Amino acid sequence: MNCPFCSIPEPVLQNELAYGFYDIYPVNKGHMLFIPKRHVDQYFDLTSEERQALDELIFKGKALIDEKFNPDGYNIGINIGEAAGQTIFHVHVHLIPRYKGDMEEPRGGVRGVIPDKRMY
Ligand code: AMP
Ligand code: ZN
């Protein structure tokens with residue numbers, strides 16, 4: 001299997017079941033990804049222990065990003081399935097720090113997965 005996330009060279013954070021590392025094509029400064037150590041295609045196939053391990057690392061990642069980059073907000077997102085935009089089929093949670101002024105009108109945030117529907 002040729003999975004880029006099964007061989008992450010230097011995770012920044014880890015616990016027993018999960019890793020956290022910086023996205024190599026960050027949407028914003030400090031963009032991190034969190035993955036289970038086990039190769040699992042999609043979020044809904046994770047065990048509750050893996051979900052808990054990911055959640056714990058997301059909070060540690062948030063503390064790290066706060067300290068290093070001092071963002072003004074965050075988006076958390078998971079693409080599940082090709083139709084939803086997933087390109088790497090090893091579950092990953094995006095933690096994307098947001099900065100005032102990083103886009104003209106941020107209202108709606110993750111609703112922007114369908115850009116025309118972002119604002120209501
Ligand atoms: P997704 O569209 O949710 O499947 O996103 C995959 C994410 O993985 C994208 O944000 C990529 O920038 C990121 N990515 C791809 N390859 C690597 C890598 N080797 N190390 C870190 N991040 C990666
Ligand atoms: Zn994998």
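Tutor: Let's begin with a loop: Asn70 sits in the one between helix H1 (48-69) and strand S4 (73-77). Helices (H or I, at least four residues) and strands (E, at least two) are DSSP runs, numbered from the N terminus. This is a predicted model, in which local features need pLDDT of at least 70 and side-chain atom pairs count only at pLDDT 80 or more, while totals for chains, interfaces and linings use all residues. Residues are numbered from 1 along each chain as its sequence is written, chains are lettered from A and ligands numbered from 1 in the order in which they are written, and side-chain values use heavy atoms, with hydrogens and water left out.

Student: Is Asn70 buried or exposed?
Tutor: Buried means under 20% relative accessible area, exposed over 50%, and partly exposed in between (1.4 Å probe, protein chains only). Asn70 counts as exposed because its relative accessibility is 58%. Its phi is near 50 degrees, a positive value in a residue other than glycine.

Student: Where is Gln86, and what does its side chain reach?
Tutor: A polar contact is a pair of N or O atoms within 3.5 Å; within protein, one must be able to donate a hydrogen and the other to accept it, and residues adjacent in sequence count only if both atoms are side-chain atoms. Gln86 lies in the loop between S4 and S5, and its relative accessible area is 4%, so Gln86 is buried. Its side chain reaches the backbone oxygen of Asp41 at 3.0 Å, and a polar atom of that side chain lies 2.8 Å from the backbone nitrogen of Gly81.

Student: What about His90?
Tutor: His90 is found in the loop between S4 and strand S5 (93-98). With a relative accessible area of 0%, His90 is buried. A polar atom of its side chain lies 3.5 Å from the backbone oxygen of Arg38.

Student: Which residues come nearest to ligand 1?
Tutor: A residue is near a molecule if one of its heavy atoms lies within 4 Å of it. Of the 14 residues around ligand 1, Asp23, Asn79, Thr87, His92 and His94 come nearest. An oxygen atom of ligand 1 is 2.5 Å from a side-chain N or O atom of Asp23. For Asn79, the distance from a ligand 1 oxygen to a side-chain N or O atom is 2.8 Å, and for His94 a ligand 1 oxygen is likewise 2.8 Å from such an atom.
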